[in-house]
Amino acid sequence: MDSDSYCEPCSEEGTPIAAIMFCSDCEERLCKNCVDYHKKFKATKSHHLIDLTSILRSKIPIAKSCCEVHQDLPLDFYCTQHDTVCCRDRHGYVDEIESGETAMLVEISKLKTHLIKQINALEEKLITELSNAKKKILDLYGKENSELSELYDVVQNRKQNLEFLKEHGSNNQLYLTLREQEKGVQDAIKRVQNMTLSYKQTAFKLKKKNDIDVNGIGSIEEVRTASAIQYSPVKLQQAQNQPVKVKSILAFRKEIAEQLQIGKLITDVAVTADDKLFLCDFQKGCDNIYVFKIIQRRLIYIRTLSVPSKPFGIAVLTGTDKAIVTLPYKSYVQFIDTNTLTMDKTINVGQDCFGIATTGEYIAVGKRRDITILKQNGETFETLF
């Protein structure tokens, strides 16, 4: 009789006894006494035993029970995201955090480059404005100098005529010329007075915007989501059918659409900190926002909100209980209290407002021809074309 025919627990104690059963849970061959003990103890009484006489010894199923990466850890978890069994070691998450940090550093670098480009563009804009202002002032100075030169030439010409008549002309000619030039002298005096009042000395001054002081360009948020792994007891590992994967939010779209008869124009979705889900329905003749609650990875319908016009985009203000909805056919965006599910204040942004995003204290609204960046109080911060 070969070693595969002996009871493994007894063989380890130095007593080789013929095996009659195979335990698929322990993956061991057992003799009659060990089988009896197996059936008595609570921990092993539910194990599956196979009669060795009914199968070929070479066909005894040996299931992989330990992790290939961590040899000392059993496979006691099931990952629904990757559809595989795994051990409880979490070093993979550490690797994901490390790679996530690297990716975030790249994003921060891109943001820095973007800001530098914006600052350079603003600098070029100011330099162009300065150059245009300088040209305008120099052109004005040139015009004023031309007027002064013209008036000076007129006065000098009249002065020379009078001096000539004073030396060589008669008293009668001198008198008539003086009378004739009297009106011209008065006009010249008036022109000098007007020119003196209108001439201004100009200097340049940079009018700074207080709002451009950059106290921060963003923040790092720790986003915690439910783990993709679930505990899988031995019973579940023995099952013939694989566990059903947990549906993602997008997988519920058809189910929700059939339940509420929602059309195919769900243009935007937002999720609050307390797991409320808001869907904008932009189909014709529908001014609705549908509200759901995410409970244990299931979507539970709560209420349908009626807004003043067809809603297109929606975003949640970070750290608040407010959501903002764009209404393209109205001249404003609508705030919604996500706790009471009631309409709140509005901010005038003009028509054709579609996309919306929030970060910190700022709100970015995408319109048909530009992007308007607002503060939460409604003050326009900047408009990007």
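Ile108 counts as partly exposed because its relative accessibility is 39%, and the partly exposed class runs between the 20% limit for buried and the 50% limit for exposed residues. The model is a predicted one. Within it, Ile108 belongs to helix 3, which covers residues 91–168.

Asp352 sits in the loop that links strand 14 (342–348) to strand 15 (353–359). Is Asp352 partly exposed or buried? Its relative accessible area is 24%, so Asp352 is partly exposed.

Leaving aside residues up to four places away in sequence, Asp352 touches Pro328, Gly366, Lys367 and Arg368. For Pro328, the separation from Asp352 is 24 residues in sequence, while the C-alpha to C-alpha distance is 4.4 Å.

## The chain as a whole

The protein chain contains six helices and 18 strands. Of its 385 residues, 23% are buried.

Among contacts in the protein chain with a separation of 6 or more, 38% join residues 24 or more positions apart. The chain has an accessible surface of about 27,600 Å². Carbon and sulfur atoms account for 54% of that surface.

Definitions and conventions: Residues are numbered from 1 along each chain as its sequence is written. This is a predicted model: local features need pLDDT of at least 70, side-chain atom pairs count only at pLDDT 80 or more; totals for chains, interfaces and linings use all residues. Side-chain values use heavy atoms; hydrogens and water are left out. Helices (H or I, at least four residues) and strands (E, at least two) are DSSP runs, numbered from the N terminus. Buried means under 20% relative accessible area, exposed over 50%, partly exposed in between (1.4 Å probe, protein chains only). Contact means heavy atoms within 4.5 Å. Accessible areas come from the Shrake-Rupley method with a 1.4 Å probe; for residues, only the protein chains shown count as cover.
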